[in-house]
Structure formats: C-alpha cells, structure tokens
Amino acid sequence: MTDDFERMWADLAPVGRSTSSGGYFRQPFASAEEELRGWFAEQAAARGLTLETDAFGNQVAWWRPEPTPGQVEILGVLTGSHLDSVLDGGAYDGPLGVVSALAAIDVLRDRGVQPSRAIGVGVFREEEGSRFGLACLGSRLATGSVAWAEVEGLRDRDGVALGDVTAAPENGAGGILADVGCFVELHVEQGRVLVDSDDPVGLASGIWPHGRYRFDFTGRADHAGTTRMEDRADPMLTYAMTALAANKQARLSGQRATFGRIDVAPNGTNAVPSRVTAWLDARADSDEALGALVAAVEKQASERAGRDGTTAVMTAESVSGAVAFSADLTDRIRSTRSWPVLPTQAGHDAGILSAAGHPSAMLFVRNPTGVSHSPDEHAETVDCLAGVEALADALMELV
Ligand code: HGY
Ligand code: MN
Ligand code: MN
C-alpha cells in the first residue's frame, strides 16, 4: 500500500506547482486542475471503478458490488474530497483525501473485502472558492444547496463568468449524489491539535460557521502631494481602520477575522485611491457569534467611513452555517479505533453534504506544521498511511 500511495502522491506533486514558492495554483477550469481531474479518471479506470461526471465537472468513481439476488440495495458510501487549491496553497488540502480514498479501496481489495454496498470516490470542484468566490461551489451545486441561476453570473478576477466556463449540474434524483447514503471525507488537519497527541488521525466533531464578506470602500481620487490631509476622502484609510477593528473584535471575542485579499483602484503610488475593495473571512464558534462579529465590523466600517468622508458597503458572498457531523457515523468509525474528536474552523464539502442531509463524518491526518493554505502545509508519509488504514477500516465498518 505504501508504494501505491507514494506513486499516486508523486504523480500529483508537480501539477500546478510554483517553481518559486513551491505552492500550488490549481484553480478550477484551468490547466493544472484539468490535468488532476484527468489523472483521477485514469486512476478510477485502472481500478475498474465506474466514473460519473456531472455537467459542472464534479466526479464520482464507483466500486459497485455485484447485486445479490433478493438483497435490498442500500445507498452507497462516498469518500474523497477535492483537488483544487487556494492560490499558492499546500499539497495536502484536498488531494490527500482523494489519494487516500483510492489507496483505501486498494487496501480493501488486498484484504479481500466484498462490499455489500457501493463505495464511491468523489472529487468536488471549486471547494476553495478561490476563483469564483463561493466556497464549496461544486458540492453546493451537486446537493442543490445553491441554484445554478444564483451562481452562473459569478465572475473571477479577470471578469470571466462561471456560466461561460461550465454548465449547470443536475442534482436530486438525476444528480451525481443520487446513490450516496453517507460521506466520509479524509483531510489533512488544518491546525495543531493532533501534532501534540500520540494519534496520527482524528475525527471531526463539526465545522465552525464562517463566511466571506466583500467591503466596497469608495472615496475620492486625488493627488498624493497637493491634497491636504484634511481635504481627503481616502478609502484606504477607511479600509485600514476596518481591518484593525476586525482584528480587535476577533481577538477580544475569541473568534477569527482575516482580510487576506484587497483590490485598489487605480492602485497608483502617487494618488489617493478612488476605491478599495477588500474581503473579510470571518469565522466563529456559533452562528450567533458569527453574526455579532460581522455586524460589529460592518458598524465600525460605516462609522469610520462617516469620519473619512467615504462610503463602506458590505456584501456577504459566501456563508456556511455551523455543522455538527453525524454522531452515529462518527461513533461507528470510532468503533474501529477510538480516534480523538476535534472541531475545525475550516470549511469542507463534508459540511455541505451534512447540511444537505447526507450523514457525514471527517477523518483528519496529523499536520506537524499545523499550517495550511500555504506551501508550508505538511503531513508525514507515515501519518498519511495511518490515515489510509483508518479510512479503510471506516469503510469496512460501513460496507
Ligand atoms: O476556507 C476553508 O475553510 C476551506 O479550506 N475551504
Ligand atoms: Mn480542503
Ligand atoms: Mn482549503
């Protein structure tokens, strides 16, 4: 199994990798991600799995057992994750779940397992929302959590509309998840709980509610030299004070707030900008706390704008409510090994499927750096292999 895992991992390592940072650029509907999806199709074919692909490009490769006469067919177990990355992302966030799922099927076959129900390996597209802004776009569409009409107009940074690069997937009875009974996603841990434990693997209790909010700060373009400070309407100042306020609010309330993306117009060195657009990523340990955090930041942005003679408008672009994973499914997996259970502040397709009514659970693999959404994200091969065994044990328990 080790060779198998390492060979697949070596296949993926160079795809979409930056030669300068060592990070990954695997945005959906672009060449690196398309190459990965082609690789997945080859791996599925090599295992005799039946590959289904919806119009959006979500993929599920099925291992369907021979039907037993008279046996009532039960919905399948889905595993897998995503292959797209954030900008300059790590190697493990997403792909580890896909490679581990394929390796786990190999382990089950080595063990001579004849599953009583189908096992699917899923690859959801645009999980990161790094191109079109909405997190878990592929799984939201596949579950019908969002309608195509709501998203086909989403545009990337170059102004390309989603509807111009792909089509609407079916969902419901004709969709790619029609045969899915439950979902077990394996993912690299994005945090440092396991690194301090003796366990290479953990289980997720749930996902914090989180969202992405666009702030449009509008001011008045002017000369950087000839305009007196008191005569300015500078949106960069309003943005800067808002970023400080968000950081303070989150620290004081024990939540998370990040401004990681900003766009300035006209972005000149010797001009007061006319507009600053900035995106807040906010996360909190309850829906109420998230609402309170975002409302406080919005209020302080407006107040600051009033003082600066600018305007500040906030638009929610992507919101995911609190997720509590299936206790039954998690307990059944824990019956194979009493892995520690930990919360996560990172969003996942398993959260979308759970919210859409598919019982879901997550396995985490130890990340010694605890770092993610960065080239520094890491997992030791020995821990990855422990993750494959844990996933194989979980699938055996479920099929
Ligand atoms: O942003 C997230 O939480 C996830 O990594 N997509
Ligand atoms: Mn991920
Ligand atoms: Mn991620």
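Predicted model: local features only at pLDDT ≥ 70, side-chain atom pairs only at ≥ 80, totals over all residues.
1. **How to read the model.** Residues are numbered from 1 along each chain as its sequence is written, while chains are lettered from A and ligands numbered from 1 in the order in which they are written. Local features need pLDDT of at least 70, side-chain atom pairs count only at pLDDT 80 or more, totals for chains, interfaces and linings use all residues, and side-chain values use heavy atoms, with hydrogens and water left out.

2. **The metal site.** Which residues hold the manganese ion (ligand 3)? Asp93 (OD), Glu128 (OE), Glu128 (OE) and His373 (NE2) coordinate it at 2.0 to 2.8 Å. Donors here are N, O and S atoms within 2.8 Å of the metal (3.2 Å for Na, K and Ca), and water is not among the atoms, so sites may look incomplete. Aspartate 93 also bridges to the manganese ion (ligand 2), and the two ions lie 3.5 Å apart.

3. The spacing of the donor residues in sequence is D-x34-E-x244-H. Glutamate 128 sits in the loop between strand 4 (119–124) and helix 4 (137–143), and histidine 373 in the loop between strand 15 (360–365) and helix 10 (381–398), so this pair ties together parts 245 residues apart in sequence. Helices (H or I, at least four residues) and strands (E, at least two) are DSSP runs, numbered from the N terminus. Are these two residues buried or exposed? Glutamate 128 counts as buried at 6% relative accessibility, whereas histidine 373, at 40%, counts as partly exposed. Buried means under 20% relative accessible area, exposed over 50%, and partly exposed in between (1.4 Å probe, protein chains only).

4. **Aromatic pairs.** Rings of Phe, Tyr and Trp (its six-membered ring) pair if their centres lie within 6.5 Å; planes under 30 degrees apart count as stacked, over 60 as edge-to-face and the rest as tilted. By this rule the count is 9 aromatic pairs. One of them joins phenylalanine 5 and tryptophan 9: with centres 5.9 Å apart and planes at 10°, the pair is stacked. These two residues are 4 apart in helix 1 (residues 2–12), which separates them by about one helical turn. Phenylalanine 5 is buried at 2% relative accessibility, and tryptophan 9 is buried at 16%.

5. **A second pair.** Phenylalanine 29 lies in the loop between helix 1 and helix 2 (31–46) and phenylalanine 132 in the loop between strand 4 and helix 4, 103 residues apart. Elsewhere, ring pairs link Phe215, Phe217, Tyr239 and Phe259 into a cluster.

6. **Helix 7.** At 1.5 Å a residue, the 22 residues of helix 7 (residues 287–308) should span 32 Å, and the end C-alpha atoms are 32 Å apart, which agrees. The expected span is 1.5 Å times one less than the number of residues. Buried residues of helix 7 include Leu290, Leu293, Val294 and Val297. The buried residues of helix 7 pack against strand 7 (210–218), helix 6 (235–253), strand 9 (256–265), strand 11 (275–283) and strand 12 (311–320), where contact means heavy atoms within 4.5 Å. On the other side of helix 7, Glu288, Lys299 and Gly306 are exposed. Just after helix 7, glycine 309 takes a positive phi of about 75°.
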